[in-house]
Every structure is written in C-alpha cells, then in structure tokens.
Amino acid sequence: MACTKDDMLDAIANMTVTEIVDLISAIEEKFGVTAAVAVAAGPVGGGEAAAPVEEQTEFNVVMTSFGEKKIDVIKVIRAITGLGLKEAKDMVEGVPSVVKEAASKEDAAKIKKDLEDVGAKVELK
C-alpha cells in the first residue's frame, strides 16, 4: 500500500524534534541534498557604493559533534533546553543537532561556550 502525502505529514506531526532532525539527516544522506536555505546573491560591481550589510541578530546553535564527554554534553543540553534525559540523549547522539533556534548573539555565544567547555563542537548559523 502506498503512503500518501497526508499520511506522511500526519506521521511527521506526531514526531519529536529529535526524530524530525534524524529524519532530515536521513533524507539528506539518501538523496544527496541539504535542507539549508539558499541565499540569493546581490548585484555584483557597479558604480554606486554597496548597501550596508545588515548584521545578523539571530543565530541557530548547531552541535556538530559531542566529543568524548557525552554524559557532560547531555547534562549541558538538558540545562539549556529543558529536555528530559531521553530527548537530550537523542539530540546529542543525533548530531548534527539544532540546540537552539533564533537565539540572540549573546545567548548563542554563551550556549556555544558552555557546550565547547565540555568538548562538543558547535557552529552558529
């Protein structure tokens, strides 16, 4: 029996965030694509001065590796996100994982520092 688009959407709606992250990673691997949003380039060259670049104010904190101290990283993830033990463990083991979306520059830097202090590798996007 074929699965309809509505069936798939219903199944996804019932998933946890970590399960969705795992699903996205599996789709990226299977089809050789990325879920990153493409950004259009602005005009190149020209006689006028370039418009000032708007400074990024919100960042996604993405853990790319948990390092050698997985338990310590799980503790930090739980403190940052408020997740339960199983959900935090799933997030850590499912790297790359989005730890926090749309964090302010200061919050993102603090989260990155906290995770890197226990051995995790983190990117701000």
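Me: Helices (H or I, at least four residues) and strands (E, at least two) are DSSP runs, numbered from the N terminus. Which helix holds Thr18?

Reply: The structure is a predicted model, in which local features need pLDDT of at least 70 and side-chain atom pairs count only at pLDDT 80 or more, while totals for chains, interfaces and linings use all residues. Residues are numbered from 1 along each chain as its sequence is written, and side-chain values use heavy atoms, with hydrogens and water left out. Thr18 belongs to the helix that spans residues 17-31, namely α2.

Me: Is Thr18 buried or exposed?

Reply: Outside its sequence neighbours up to four places away, Thr18 touches Glu87, Asp90 and Met91 (contact: heavy atoms within 4.5 Å). The classes are buried under 20% relative accessible area, exposed over 50% and partly exposed in between, with a 1.4 Å probe and protein chains only. Because its relative accessibility is 8%, Thr18 is classed as buried.

Me: Which residue has a side chain in polar contact with that of Thr18?

Reply: A polar contact is a pair of N or O atoms within 3.5 Å; within protein, one must be able to donate a hydrogen and the other to accept it, and residues adjacent in sequence count only if both atoms are side-chain atoms. At 3.1 Å, the side chain of Thr18 has such a contact with that of Thr16.

Me: Is Phe31 buried or exposed?

Reply: Phe31, like Thr18, is found in helix α2. Its relative accessible area is 57%, so Phe31 is classed as exposed.

Me: Which residue in β3 stands opposite Val61?

Reply: Strands pair if DSSP finds at least two bridges between them. Strand β1 (residues 58-65) runs antiparallel to β2 (residues 97-104), with five bridges, and antiparallel to β3 (residues 121-124), with four bridges. On the β2 side, Val61 has Lys100 as its bridge partner. On the β3 side, the residue opposite Val61 is Leu124.

Me: What is the omega of the peptide bond from Val95 to Pro96?

Reply: Pro96 lies in the loop that links α4 (85-93) with β2. The bond from Val95 to Pro96 is cis, and its omega is near 5°.

Me: What is the phi of Ala102?

Reply: Ala102 has its place in strand β2. Ala102 is partly exposed, because its relative accessibility is 43%. In this residue other than glycine, phi takes a positive value, near 55°.
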